[in-house]
Amino acid sequence: MTTPVETLEFQSEARQLLRLMIHSIYSNKDIFLRELVSNASDALDKLRLETYRDKDLEADTSNLHIEIEVDKAARTLTVRDNGIGMTRDDVVSLLGTIAKSGTGEFLRKLKESQDSATSRDLIGQFGVGFYSSFMVADDVTVLTRRAGVAEGVRWQSTGEGTYTIEPVQEAPQGTSVTLTLKPEDAEDHLYDYTSPAKIREIVKRYSDFITWPITMATEPVGEPTGDDAPAVETVNSMKALWARSSSEVTQDEYNEFYKHICHDWMDPVETIRVQAEGTFEYQALLFIPSQAPLDLFMRERKRGVQLYARRVFIMDDCEALMPEYLRFVKGVVDAQDLSLNVSREILQQDRQIQLIRRRLVKRVLATVKTMMSDNPQRYATFWTEFARAVKEGLLSDGDNRDTILDICSFSSTHDPAEPTTLAQYVGRMKDGQQHIYYLTGESRSSVENSPHIEAFRAKGYEVLVLTDPIDEVWVDAVPGFDGKQFQSIAKGQVDLDTDEEKQTADAQREEFAELLTWMTSTLAEDVKEVRLSTRLTTSPACIVGDSHDVTPTLEKMYRAMGQEMPRIKRILELNPTHPLVTGLRTAQSSRRDDPGLAETAELLHGMALLAEGGELADPSRFTKLLATRLERAL
């Protein structure tokens, strides 16, 4: 009895990606072979690891390798491995869907991109793996059998929206991917992928470092010898890149290795080599990508580097070797004294792993610091892509906090185009200035137009412009930099006045005492205090918090995460030189029983809330009061 062939539809995201590959605008179509060889290498790694963990697994590991076979007459190319293989469920989930974080975001951005260069960058940023086969093939057939499972599976598709799948009784262990190639077309960068010379060139360029032998039959030379079996050659050198002397490895080789392990199509912005000897030995080859992955801030993201023990693959995404805030760092760590059968839980507690992690973190941060001085352009690329993630370390990594502060740069009022480091800010501080001033907000324009910044701008004080959501949190957790404390210009009292100005302010407080007492009582439901301001020059009023109050933005963030927050009353500050405030003082002293004055005070408070980007408790009442006042003015 035979099981019928099933025809299934691709997941919608997979259909869109396949359509993109079939009509690909990506010129470097050679990379399809790199992707297939990389997948085959992963399958061999996983089989070897599985046999270490499961001694009863029935699997042949006597000659693990990758084989490339071409048939010029049929115009087919097959990449075959005898690795872990796949079950039917594996095939449907891995080939019929894109189970990858950020897929929807990637496709949305791709749809919005208007030019081919942007599209190419997005394709490279996302990585497409197996689907890149459809750039060069009209038809793809996969034959696979999971190690330890009796029945195999055949999968076939032209990439047009559906695929067929059927069971196969006689299938070798592992996976073979056979491409029926499109006609050669040099203008469209479709080359003769049945040519052993072309295959050899691609493997040497992209996959020479893979630790498994990649074999291929050589072309017959001269007259037939009577031996029908063609000679077989191993195309790659198989020497682990991190084990070779740095003088023997070119940057191009590093770049291709990075693309192999990360399935990225773009070069990294920085390569980091680490060689440790002594009590325990390890080698590391780390990379900082040139673009942030689309899932960098998604909960289901993967992070960590690949872990090897004595050149034997142990696991992908070893989170124990890299902290959360450096989750974008990719690469390989090869430790000499680790057990091959080690679990993720054990790694979290392993003293050796913890020490390797500390050293790697210090090396990554030191590399970024060097990049700041030696290659500012590369640093700017890095900071644009990964600043938000790195600043998480200011909260989670107290041991390296000072180093993280050293590599941070921020927008400031000193230069609208160029960010500043904290060291540069401190170097420009005025004589006697004790604090590093900052203001958080949703955008640079909202910060620059905030009433809170008026006196600082007028008196020439530089203010950091912090617009990342994480900035709301770390500034309260970090005590300071280089002996200077951070101070929000929207919190507490500010002391920018000269002695003469302080005397004037004391006199004004006496002059406005009655108005301030009355407004504090009138607005008691909304504010904890009304006082005169030293930070305003042109606006009539502003809202500020006490020194240790949670900011409104942080309050919203906590509530969005489901954390209930008690209502925090803030402080209303008045500009004693503004005509509206002086006029209200005069009116209040002469018409104490006028109900319209309380409405004016309410409007003044609402205006201050709106000026800082806040939300009114009762927008309709505010609008009605404002409309009535405007009507009277006509």
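Why is strand β10 (residues 270-276) largely enclosed by the rest of the structure? Five of its seven residues are buried, so the strand is largely enclosed. Keep in mind that this is a predicted model.

**The β10-β11 hairpin**
- Strand β10 pairs with strand β11 (residues 282-288) in the antiparallel sense, and seven bridges join the two.
- To find your place in this pairing, look for Arg-273, which stands opposite Leu-285 in β11.
- Five residues lie between the strands of this hairpin, and Gly-278 takes a positive phi near 130° there.

**The six-stranded sheet**
- Six strands form an open sheet with mixed pairing, and their order is β16-β15-β18-β17-β20-β19.
- The edges belong to β16 (415-421) and β19 (480-481), each of which pairs on one side only.
- Within this sheet, β17 (residues 435-440) and β20 (residues 484-488) run in the parallel sense, paired over four bridges.

**Helix α2**
- Helix α2 covers residues 31-53, which makes 23 residues.
- From its first C-alpha to its last, α2 reaches 33 Å, close to the 33 Å expected at 1.5 Å a residue.
- Most of α2 is covered, with 17 of its 23 residues buried.

Terms used: Residues numbered from 1 in each chain as written. Predicted model: local features only at pLDDT ≥ 70, side-chain atom pairs only at ≥ 80, totals over all residues. Heavy atoms only, no water. Expected span 1.5 Å × (residues − 1). Buried < 20%, exposed > 50% of the residue type's maximum accessible area, 1.4 Å probe, protein only. Pairing = 2+ DSSP bridges.
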